[in-house]
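Welcome! Open your viewer, get ready to select residues by number, and follow the stops below.

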Amino acid sequence: MTATVRPFVTTDKKACLLLFDSNVPRYFDASERVDFAGFLDNPDGAYFVIEQDGKICGCGGFVKETRGQARFTWGMVDNARHGSGLGRMLADYRLQAIKASGDFEEAELFTTPQVAPFFTKFGFETVDIETDGFAPGMDKVQMVCPLVSAASEWP
């Protein structure tokens, strides 16, 4: 059951929307689905999928932001596969791609309080929390990771 990461193609959209649906309401609010679907029509930056046994079971990417930092975009793993190491694989893949580009000194992401501890394992630190930032009852946590000092700390 080897998992591989490859670039997203437009025919992956339906599978990625199913991943999103599997994570509602615990990790995403249903109201965010329209934004995600629109993103998939024309992804900004680099976007990837994880395939395992011929099935897409994760997706996520990154984009260059106005301050020049790399920001993680729409990362998720099939809810039934949480805890399998796929989320770690996706986060590590994105960080390695960001670092390999040589274009960034910092990575940034927005997540929920329940997921934030996962990203601390990669050197991300919380810099802001916006109450109800994603939806009512779903706070938005902004986290950053300085790439120069964090590279040696990645698992």
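## A tour of the salt bridges

You are looking at a predicted model, where local features need pLDDT of at least 70, side-chain atom pairs count only at pLDDT 80 or more, and totals for chains, interfaces and linings use all residues. Residues are numbered from 1 along each chain as its sequence is written, and side-chain values use heavy atoms, leaving out hydrogens and water.

Asp 41 and Lys 13 form a salt bridge, with their closest N and O atoms 2.6 Å apart (a side-chain nitrogen of Lys or Arg within 4 Å of a carboxyl oxygen of Asp or Glu). Asp 41 sits in helix 2 (residues 33-41) and Lys 13 in helix 1 (residues 13-22), 28 residues apart; helices are DSSP runs of H or I, at least four residues, and strands are runs of E, at least two, numbered from the N terminus. Asp 41 is exposed, at 51%.

Next, select Arg 67 and Glu 106. Their salt bridge has its closest N and O atoms 2.8 Å apart. Glu 106 lies in strand 5 (residues 106-111) and Arg 67 in the loop between strand 3 (55-64) and strand 4 (70-77), so the pair ties together parts 39 residues apart in sequence.

Is Glu 108 buried or exposed? Glu 108 is buried, at 3%, while Arg 67 is exposed, at 58%.

Technical notes
Buried < 20%, exposed > 50% of the residue type's maximum accessible area, 1.4 Å probe, protein only.
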